[in-house]
Amino acid sequence: MELTEIVEPLLKWYYGNARSLPWREEPTPYRVWVSEIMLQQTRVEAVKPYFARFLQELPDISHLARASEDQILKLWEGLGYYSRVRNMQKAAQLICTEYGGEMPADFEKIRALPGIGSYTAGAIASIAFGIAKPAVDGNVLRVLSRLLASYEDILKQSVKKRMEEQVEKVIPKIRPGDFNQSLIELGALVCVPNGPPKCQECPLLGLCLARKRGIQQELPQKTPPRARRLEDRTVLVLVSDNKAILRKRPAKGLLAGLYELPNVEGKLSEEQVLSYVRQQSLSPLRIRQLPEAKHVFSHVEWHMLGYLVRIEEPEMTPLQQPKEELLFVEKEEMDRKFSIPSAFGAYVRYLRETL
Ligand code: ADE
């Protein structure tokens, strides 16, 4: 099978079956960029409301460049992998200083921006500018390994690079963006990741080598990811009068710069929690244990135990300032301003119920 044979049937299928998506309706460089970054780790349906809100609040590259850190993190709240949006802002600032605020119509220049790899650069270049560059992500790798009956490990950079070279040879000069999206769309709707592929609906049924050999379900091959580190944590839902107590995370590392419920390593007993709270110069009034919860990050898994602790409204004399830069915030302010990662979702619920 020659890969060039897929071009026509795939495009024809795409024009008849593509989903109508907000970023497809009006594929400006900025809209394509924002959507592709959001779609990297998140499903299409989940991305839609985030995409709409992001575009409304930050309608173009210069708005993104000038936004506050808290605003961009708030817009990303719940999407995870926050370095994605920090890098987008860095790139936006560079585009403003280097390219007058417009995304350059040049694959290599796009590729050189922070947070933009070969996939995203290919997507922006092809979809927004009609440049004939491939956009090979995990979905496309799955489609290609099945089409070519390849047992190579798609998590290897070398394999991805070779697939990109093969696509680049056949990508049509007219509407390369539609061609890239047709591969993505086939991976999303037909050559699906979980469960059996829907070969009966596939426009490439007659060409697919995996299907011919009956091995489509064995592909693609991926090396299993390394085991995650397990970490016990105790999360504190601290309420004082009608205020929640939040803490800003350090500027570096996991969930950098986001706001969190105060928490400590290990699973603490009630006594230990009360003692910790007092160490923060706070006076506990009541304490209640909350159910355990789990959150899975890419490299760590948090196994959490929670406590709801009501504390006395502190008198904010200089000597009684709470330690560790704890912030006392009202519910409305918390919802509007502070981005709290989903990892704390199980306990933020109690906070909302209590306030
Ligand atoms: N996933 C990644 N990029 C996409 C796109 N442009 N359309 C739909 N799903 C996608």
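This is a predicted model: local features need pLDDT of at least 70, side-chain atom pairs count only at pLDDT 80 or more; totals for chains, interfaces and linings use all residues.
1. Start with helix H3 (residues 29-39) and helix H9 (residues 118-129). Their axes come within 9 Å and cross at roughly 145 degrees. If you want the handedness, H3 passes H9 in a right-handed crossing.

2. Now look at who touches whom in that pair. H3 brings Pro29, Val32, Trp33, Glu36 and Ile37, while H9 answers with Tyr119, Thr120, Ala123, Ile124, Ile127, Ala128 and Phe129. Sorted by class, the H3 contact with H9 has 10 nonpolar residues, 1 polar and 1 charged.

3. Next up are helix H4 (residues 44-57) and helix H6 (residues 69-76), which pack at an angle of about 155 degrees with their axes 9 Å apart. Angles over 145 degrees count as roughly antiparallel, so H4 is roughly antiparallel to H6.

4. In this second pair, Tyr50, Arg53, Phe54 and Glu57 of H4 make the contact with Gln71, Lys74, Leu75 and Trp76 of H6. The class count for H4 with H6 is 4 nonpolar, 1 polar and 3 charged residues.

5. How many cavities of 30 Å³ or more are there? The count comes to 1. The largest cavity holds about 130 Å³ of space.

6. What lines the largest cavity? There are 15 lining residues, and Arg146, Cys191, Cys199, Cys202 and Cys208 lie nearest its centre. Helix H10 (residues 138-147) gives the largest share of the lining, 3 residues. By class, the lining of the largest cavity splits into 11 nonpolar, 1 polar and 3 charged residues.

Conventions:
Residues are numbered from 1 along each chain as its sequence is written. Side-chain values use heavy atoms; hydrogens and water are left out. Axes are lines fitted to C-alpha atoms, for helices over the stretch in contact, and angles run from 0 to 180 degrees between N-to-C directions. Helices (H or I, at least four residues) and strands (E, at least two) are DSSP runs, numbered from the N terminus. A crossing is left-handed if the near helix is turned anticlockwise from the far one by less than a right angle, and right-handed if clockwise. Contact means heavy atoms within 4.5 Å. Ala, Val, Leu, Ile, Met, Phe, Trp, Tyr, Cys and Pro count as nonpolar, Asp, Glu, Lys and Arg as charged, and the others, Gly among them, as polar. On a 1 Å grid over the protein atoms alone, a cavity is a set of points where a 1.4 Å probe fits but cannot get out, and a pocket is an open set with protein on both sides within 12 Å along at least five of seven lines; lining residues have an atom within 4 Å of a point. Grid points are joined across faces, edges and corners, and a volume is the space filled by probe spheres set on the points. Angles under 35 degrees count as roughly parallel, over 145 as roughly antiparallel, 65 to 115 as roughly perpendicular and the rest as oblique.
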